[in-house]
Every structure is written in structure tokens, then in C-alpha cells.
Protein chains: 2
Amino acid sequence: MQQGKTRRSNQERSDATRAAIIEAARALFVAKGYADTATPEIVAAVGLTRGALYHHFADKKALFRAVIDREAREVAALIEQSAGENLGPHEALLAGAAAYFDAMAVPGRVRLLLLDGPAVLGVTEMALIDAAHGRRTLEEGLTAAMAPHRLEEKAVKAMAFLLSAAFDRAALEIDAGAARADYAYAIDRLIDRLIAP
Amino acid sequence: MQQGKTRRSNQERSDATRAAIIEAARALFVAKGYADTATPEIVAAVGLTRGALYHHFADKKALFRAVIDREAREVAALIEQSAGENLGPHEALLAGAAAYFDAMAVPGRVRLLLLDGPAVLGVTEMALIDAAHGRRTLEEGLTAAMAPHRLEEKAVKAMAFLLSAAFDRAALEIDAGAARADYAYAIDRLIDRLIAP
DNA sequence: TTGCATACATACAGCCTGTATGTTAGTTAG
DNA sequence: CTAACTAACATACAGGCTGTATGTATGCAA
């Protein structure tokens, strides 16, 4: 087994370059947006050629999807982690909201998940992506908190959608420079009012 | 003054082709999205060449902006029109919500104003566009309806943002096939709870 | 009617995406 | 241990698109 330079298995190589491409792509997508980021730029940042990119990803959109998917997964992980302590339904919702804002404070996330994502992949696919990951948490939380209201399931579901839209808008505004405290307060008040008896 | 064919002033010609280009562009942007719509397609639909397009618009994005601007103006007009009757603050909000859903039911509007618009022009510019037109109505309505709550102005403003986000999400879901009744109910309930004493 | 500006058309340069085809290194069968 | 195969890339190429530069004809103004 010769060594010296870099003796790696194919699997390791593959994983490493895939990750490197995704990483570089994320940075550029964040800085310039999906449309204005060219594949030559991406691979140049990694020190590869476009051949490598198109070997690992079907096309530019597939690469974007990989970036989005990783991002959504991380957000979901942070939120679920916050729900770790067993709190009452109300406190759980508030904690989830705070965790969401924390997660979305990571630079670039707002643009990726709330702007370019829906436009490039479509709402349907984006809904699938974060339905699989994040939104179930909110829906379950709201269902628990609103149980006393005895609403139809689909009504609660709709309310959860609307609430998550409010979360997203708040994240967007905070990202655009608004004070987090203002929106955190508004969100908390919104939740309070929604689940109050 | 010879006639027969088409004797038009330069101004008329200009306005007509501008409108025709915007119209054709709108149809294609709706059908295929901004990125997947090529300028050759657009002008072909009108029976012109790209020279005409680039004579009237600085670039493709400027044409898109013109489309968006017209669309936003129409939505705002419909909403303000609905606020015509002098109702109480609560009823005015509900009427405004219904008018918004009506306005956004026009095919393509959701995609233009809520998906491609923010992604292509950026949130900042989109915010300017419909702050100039539509959102002031909602903000004033909510301010009036929540006056008894004696909130700070910035808190009300934040709530208005969140509420408009809920409107947008509802329009998105309805556009994607959800039942309007479900979301109309959820929105009404949301408004009720927000402004209830 | 002479001259300039406006409304377009045509032509061109550069870039980008996706695919097809090479080349090298790793993996596996005998 | 080596021959055959496959995976990981690099190189080369074909279309298509954007934006600009330039040409032409028509309206307009002096």
C-alpha cells in the first residue's frame, strides 16, 4: 500500500469533493444568488473542473437542492433539539420560535431557504423538503396547545401554516436589519393570542 | 395626413408596443418562470425583435420590474376599492382580506408577486413596491382595529407585517390547490384573535 | 425639405449550461 | 499479482441566451 501523497479510497474522495462542492456552492449562492452564480465559479473555488461537478450532480439545480437540503436539515435539527426539555405546549411553542430565529440567524439561511429555494425549486418541492424536516414540529406543537379549542384538524393545520409564514416573515425582516426583539415580541404575542382560551 | 394602413404618432406606437411586450412577458413569466423565459420568446410572441425590447427596457430585469409593478398596482387598486364602504375597523380588515384573496386569485399573480418577484428583485425592492401600493392599507387597518390595545407603534407595525405574511402564505396555499374556505376561516380567526379585547 | 430623434431590426461578442468523450486512479475477479 | 472493469475526474464541444453596437426607416420639427 503506497502512501506519501494522498492515498484515499474512492468513497472518501467522492464524499470529500461532494462536500467541498456543496460548501463552495453554498457560499456563492448566498453571496450572489442562484441565478448569478456560474458553475465555473463554483468549481474554481474548489480547484476542480465542471466535469467533477457534473459527475456528482445531475445539473446545477440538483446541486442547489443538495445545498438546500443540508440547510433545512440543520435548521430542523436545531429546532428539535430545543424541544428536548419537556415543557408545556405553550412554552414549547415559544421555545421553538426562539430556536427557529436562532437557526435562521446563520448567515445566508434566509436567502437560501426563504427566497431562492421557493423560486428555484418551487413551493411544492420546498414544502416537501421542510415538511419532511421541520414543520411537523410546529404542527404538533400547535395541535397540542390548541387542543382545548376543539378545532377541526384541517383548521389547526391551516393555522400552523399561517403561523409558520409569520415565522418566516419575521426571519426575513430580521435578516433585512429589523430588530429581533421587536419581532420576537410580536411572534410571542401572536402565539399567546392564538392559544389563549 | 395619409392614412389607410396605420397612421400613429410615435407616442402611441411606443405605448402600444411597451404594453404588448409587458403583456407577452407576463404570460411567459407566469407559464415558465422568470429564469426559464428567454427574451427571444417574448418578442416572438409579439412579432418583434429583441431590438425593440432593449429599446424600451434597459434589460430583462427591468421588463420584469414593469410586469411586477403593474401587477402590484392592480392588486392594491382592488383592495382599496373594497375598503370603499365605511365599515368598522374589524369589518374593514375582514373585507380587505377577502379582497386580497380575490385579487390574488387572478392566474399568475401568486407566482409573480410572491415567488419570482422576491427572488429576482430582492425583498428590499419588493417591499418598496408594495409598501408604496398595498401594505399601507393593512397597516392602517390594523392600527385602527388594535387601537384599544395601546401597543407601541413599532409593535403594531410588526404585527401588520406578520399578518400580511399570513395573507401571502394563504394565497400561496390556495394557489397550490388548498381550499380557500379553510384559509379564509383561519385568517378570519387569526384577525379576530389579534384584535379581540 | 432638410435635419435630427425615435422606433425598431440586424449583427456580433462573450458567457453559460449540459453532454460527449477522453484519461487516470482505484477496485475486484481469477 | 495482474487483467478487466469501474469510478472520479478533465477536456472539448454544441447550442442558446444576454447585452451591446450598429444600421435603417419613419415621425417630427425648423
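Predicted model: local features only at pLDDT ≥ 70, side-chain atom pairs only at ≥ 80, totals over all residues.
Visitor: Which side chain meets that of B:E23 in a salt bridge?

Guide: A salt bridge is a side-chain nitrogen of Lys or Arg within 4 Å of a carboxyl oxygen of Asp or Glu. Here the partner of B:E23 is B:R70, at 3.2 Å from N to O. Because B:E23 lies in helix α1 (residues 10–32) of chain B and B:R70 in helix α4 (residues 60–82) of chain B, the pair ties together parts that are 47 residues apart in sequence. Helices (H or I, at least four residues) and strands (E, at least two) are DSSP runs, numbered from the N terminus.

Visitor: What is the relative accessible area of B:E23, and what is that of B:R70?

Guide: Buried means under 20% relative accessible area, exposed over 50%, and partly exposed in between (1.4 Å probe, protein chains only). B:E23 is partly exposed at 43%, and B:R70 is partly exposed at 28%.

Visitor: Which residues of chain A do salt bridges with shared partners join into one network?

Guide: That network consists of A:E23, A:R26, A:R70, A:E71, A:E74 and A:R109. Elsewhere in chain A, the side chains of A:R65 and A:E125 form a salt bridge at 3.1 Å, N to O. This pair links distant parts of the chain, with A:R65 in helix α4 (residues 60–82) and A:E125 in helix α6 (residues 109–145), 60 residues apart.

Visitor: How much area do chain B and chain A bury between them?

Guide: The size of an interface is often given as the accessible area lost when the parts come together. Buried area is the accessible area (1.4 Å probe) that two parts lose on being put together, summed over both. Chain B and chain A bury about 2900 Å², with 67% of it on carbon and sulfur atoms. Of the area that chain B buries against chain A, B:L162, B:R169 and B:R193 supply 24%, more than any other three residues.

Visitor: How many salt bridges are counted between chain B and chain A?

Guide: The count between these chains is four. A:R169 and B:D168 meet in a salt bridge at 2.6 Å, N to O.

Conventions
Residues numbered from 1 in each chain as written. Chains lettered and ligands numbered in written order. Heavy atoms only, no water.
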